[in-house]
Amino acid sequence: MDYIVRATAADGQIRAFAATTRETVETARQDHNTSPVATAALGRLLTAGAMMGVMMKGDKDLLTLRIHAGGPLNGITVTADSKGNVKGYVGNPDVVIPANKKGKLDVAGAVGVGFMDVIKDLGLKEPYVGQCVLQTSEIAEDLTYYFATSEQVPSSVGLGVLMNKDNTVRQAGGFIIQLMPFCDEKVIEKLEQRLAEVNSVTAFLDEGLTPEQILEKLLGDMDLVINDTVPTQFYCNCSRERVSKALIAVGRKELNEMIQEGKPVELKCHFCNSAYEFSTEDLKELLRKSK
């Protein structure tokens with residue numbers, strides 16, 4: 001069962017989130033049939049998106065993380081809500097590139113040089129849009145940089161995805177630790193020292209640590225308080241009705257052209273790859289509705 005833990009430490013001077021997302025990332029891998037490096041990149045952003053989603057307060061708040069970059073992955077898009085639901089896709093799920101110098105999956109090489117958009121739709125007239133240039137294209141460091149520059153919140157982000165030999169997902173998860181504006185210098189020093197000792201999230205995941213245990217390792221002697229846990233999952237809210245509306249929105253001229261071709265039309269959802277087929281009769285019905 002995937003879930004996110006919300007916690008505070010050092011008398012509320014630190015807020016922290018940690019997640020285990022193996023099932024979420026494995027669902028994404030199956031839906032999109034992603035290569036190992038594409039799974040790792042998408043899995044990291046899905047994990048971050050899930051945690052950043054539950055940071056939002058409103059029931060209908062939506063978060064979108066979008067990476068535009070020049071690598072063969074051809075970008076990543078992830079959308080999350082405030083209830084732990086997350087979905088996403090990569091531009092090119094079949095990317096295969098050599099391992100990096102450490103012999104690991106080369107996520108940075110697959111992502112490439114570019115930038116990341118963070119879009120929060122909080123039900124206001126205009127969504128909040130933040131943007132940052134990718135620093136390493138490893139995703140965790142890029143989000144650390146985003147929080148510091150766009151939201152002025154000093155943060156540490158750790159994300160990891162481990163694969164099995166058969167290319168299924170063995171472990172996935174991560175953490176986000178943030179300093180509140182009134183944070184004491186001593187607390188900052190202690191946290192920096194602790195984070196410097198962290199080898200990588202994947203090491204934690206490899207040991208089979210739960211989100212609670214990860215936070216215990218990082219903040220255990222800083223009066224860690226676990227506030228609550230939120231289930232998280234890969235969930236897509238696409239439906240035949242939504243796809244029908246999208247077809248109506250393309251306009252009467254295009255619908256007419258599809259009908260003239262006399263062939264059924266198949267549309268796939270970007271986020272989960274579900275296929276929806278519309279016969280010529282279905283298209284004629286939509287044309288009538290579009291008047």
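What you're looking at is a predicted model, where local features need pLDDT of at least 70 and side-chain atom pairs count only at pLDDT 80 or more, while totals for chains, interfaces and linings use all residues. Numbering starts from 1 along each chain as its sequence is written, and side-chain values use heavy atoms, with hydrogens and water left out.

**Overall build**

- The protein has 10 helices and 13 strands, counted as DSSP runs numbered from the N terminus (helices are H or I, at least four residues; strands are E, at least two).
- With 291 residues, a compact globule would have a radius of gyration near 19 Å, and the protein's 21 Å agrees with that; the radius is taken over C-alpha atoms, and the globule rule is 2.2 Å times the number of residues to the power 0.38.
- Along its principal axes, the C-alpha trace spans about 70 × 45 × 35 Å.
- Some 51% of the 291 residues count as buried, meaning under 20% relative accessible area (1.4 Å probe, protein chains only).
- Take the contacts (heavy atoms within 4.5 Å) between residues at least 6 apart in sequence: 64% of them join residues at least 24 apart.

**The largest pocket**

- A pocket here is an open set of points on a 1 Å grid over the protein atoms alone, where a 1.4 Å probe fits, with protein on both sides within 12 Å along at least five of seven lines; lining residues have an atom within 4 Å of a point.
- About 980 Å³ of space lies in the largest pocket, a volume being the space filled by probe spheres set on the grid points, which are joined across faces, edges and corners.
- Of its 31 lining residues, R44, K104, L159, S200 and T202 are the closest to the centre.
- Two or more lining residues come from each of α2 (36-54), α4 (140-150), β8 (155-163) and α6 (201-206), and β8 gives the most, with 8 residues.

**The second largest pocket**

- This one holds about 260 Å³ of space.
- It is lined by 17 residues, and L62, T79, A80, K87 and N237 lie nearest its centre.
- Strands β3 (62-69), β4 (76-81), β5 (85-90) and β6 (114-121) each supply at least two lining residues.

**Zooming in on V187**

- You'll find V187 in helix α5 (residues 185-197).
- V187 counts as buried because its relative accessibility is 13%.
- Leaving out residues up to four places away in sequence, V187 touches A10, Q13, I14 and M222.
- V187 and A10 are 177 residues apart in sequence, yet 7.2 Å apart in space, C-alpha to C-alpha.

Note on methods
Buried < 20%, exposed > 50% of the residue type's maximum accessible area, 1.4 Å probe, protein only.
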